[in-house]
2 protein chains.
Amino acid sequence: MQRYFLEESYDASQGEPLKLTGDDFHHAAHVMRMKVSDKCYLVFSDSVAVVAEVTEIGAEAILLKEIEKETQEKELPIAITIACGYTKGDKLDLVVQKGTEMGASRFVGFPGQTSVVKWDGKKLAKRQERLTKIAKEAAEQSHRHVQPTVSLYEKAKEFEAVFSDYDAILIAYEESAKQGEAGELVKTFQTIQPNQRLLVIFGPEGGLSPNEIETFQALGGNVCALGPRILRAETAPLYLLGAASYHFDLLV
Amino acid sequence: MQRYFLEESYDASQGEPLKLTGDDFHHAAHVMRMKVSDKCYLVFSDSVAVVAEVTEIGAEAILLKEIEKETQEKELPIAITIACGYTKGDKLDLVVQKGTEMGASRFVGFPGQTSVVKWDGKKLAKRQERLTKIAKEAAEQSHRHVQPTVSLYEKAKEFEAVFSDYDAILIAYEESAKQGEAGELVKTFQTIQPNQRLLVIFGPEGGLSPNEIETFQALGGNVCALGPRILRAETAPLYLLGAASYHFDLLV
């Protein structure tokens, strides 16, 4: 069953008819060809999701009514932000699509010291828009209650300024894997509390520099290994999220 | 440091000079431009890995001598086979590349009842060769001691014939995720013993049919959910392997 994210909160929608407009209207009416009495999921900005039934199809909007609330918990109990140093090509697309399916709540990009690509303001804005759309589509497809946000920073300083928003910060570091470090990720998962926020930082293809590691550590980050194998820049975030879901969704 | 997989076992190599020939020779000599006294890893067919130093560069072979054994464990304690119903496009390439980095020991493909693509013997052979090469390169890059194998079956019956080779069989099933099943994966990881073999089956985009589920269950498979979110066909194997490494490499 198709899923659409609405901009208003569930509370604000009370008393008003439910409505799909704009791109979602186009998708529902012309791609899915929905008809009166067809059903879909609507997810509100406050993460409430309902099953809704189409009551009327207009020229620019589809009207719906709520049938029942979706009660199954779809979100990880902690909010995980995946931060990636800028990599070549469209690897960030893959991280955002798969990472959204796996439960990330936010993605940020930053210029790593070994990043080969250099993106300026205009290109970053375009890319951020594209990644936000990928996250929205993946969130719909994977039945999320939250639509992950995407922020691409032009300067490392801007990225470092957000560290204070987090309850825990991990730095995925290849050298930790080589040295056989095994405990930091488990320790973090075991001590972080529900609704707390975890930032996990991944380097670009060339890895994080010793200088960057030092800066991130001074800002509260702890280095951790993701197993003994060396993962590519775009693979490591997917490993992290698979491990997080195993820990928080399955190991009870 | 570059890593090369050799066809002979470590035992068989004793008393003989270590040698890179063929494609590996070409890569070491012409791509990496290795010189006498440069070092690389050599991994033997029995999973022994050594650091080796170049002693001589010939016209068709590079000779090396062993410096020391690599002692860090790089492999999961259980051998995981990822079985995928044939999907459209190059999704299997992604599963094999990322799945190798994450520790899978074997990949198999099979025609699912909802598979849209139909591959015959010749096309399958070509594709198997290509995927084997992807696995080899990813194994080198990720510092594996095992080079995963790839088998693409033309008929579902051929695939089902290998079930008896396994100690445990899991079926990743979207409906289990929707129903909130949470225990089967954890239970399997907790009961399987070191060196045992686990087969995990993933459907194509259209999912596994009830009929297929029934057949796989009759052959010893148990359905399991990979968290409450719906994962794409190519994402689910990466989730499984991230969870497996977390359980076996980190949670100790």
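1. A rotation of 180 degrees with 0.0 Å of shift along its axis places chain B on chain A, with an RMSD of 0.1 Å (least-squares superposition on the C-alpha atoms of residues with pLDDT of at least 70 in both copies). The two copies are thus related as by a two-fold rotation axis.

2. This is a predicted model, in which local features need pLDDT of at least 70 and side-chain atom pairs count only at pLDDT 80 or more, while totals for chains, interfaces and linings use all residues. Residues are numbered from 1 along each chain as its sequence is written, chains are lettered from A and ligands numbered from 1 in the order in which they are written, and side-chain values use heavy atoms, with hydrogens and water left out.

3. Of the interface residues of chain B, 100% are also interface residues in chain A, so the copies meet through the same surface (contact means heavy atoms within 4.5 Å).

4. Chain A holds an open sheet of 6 strands with parallel pairing, in the order E8-E7-E6-E10-E9-E11. Strands (E, at least two residues) and helices (H or I, at least four) are DSSP runs numbered from the N terminus; two strands pair if DSSP finds at least two bridges between them. Strands E8 (149-152) and E11 (221-224) of chain A stand at the edges with a single partner strand each, so one side of each is left without a neighbour in the sheet. The twist averages 20 degrees from one strand to the next (axes are lines fitted to C-alpha atoms, for helices over the stretch in contact; angles run from 0 to 180 degrees between N-to-C directions).

5. Strands E6 (residues 79-85) and E7 (residues 106-110) of chain A run parallel and are joined by 5 bridges. Cys84(A) stands opposite Gly109(A) in E7(A).

6. Helix H3 (residues 91-101) of chain A lies across E6, E7 and E8 of chain A, at about 160 degrees to E7(A).
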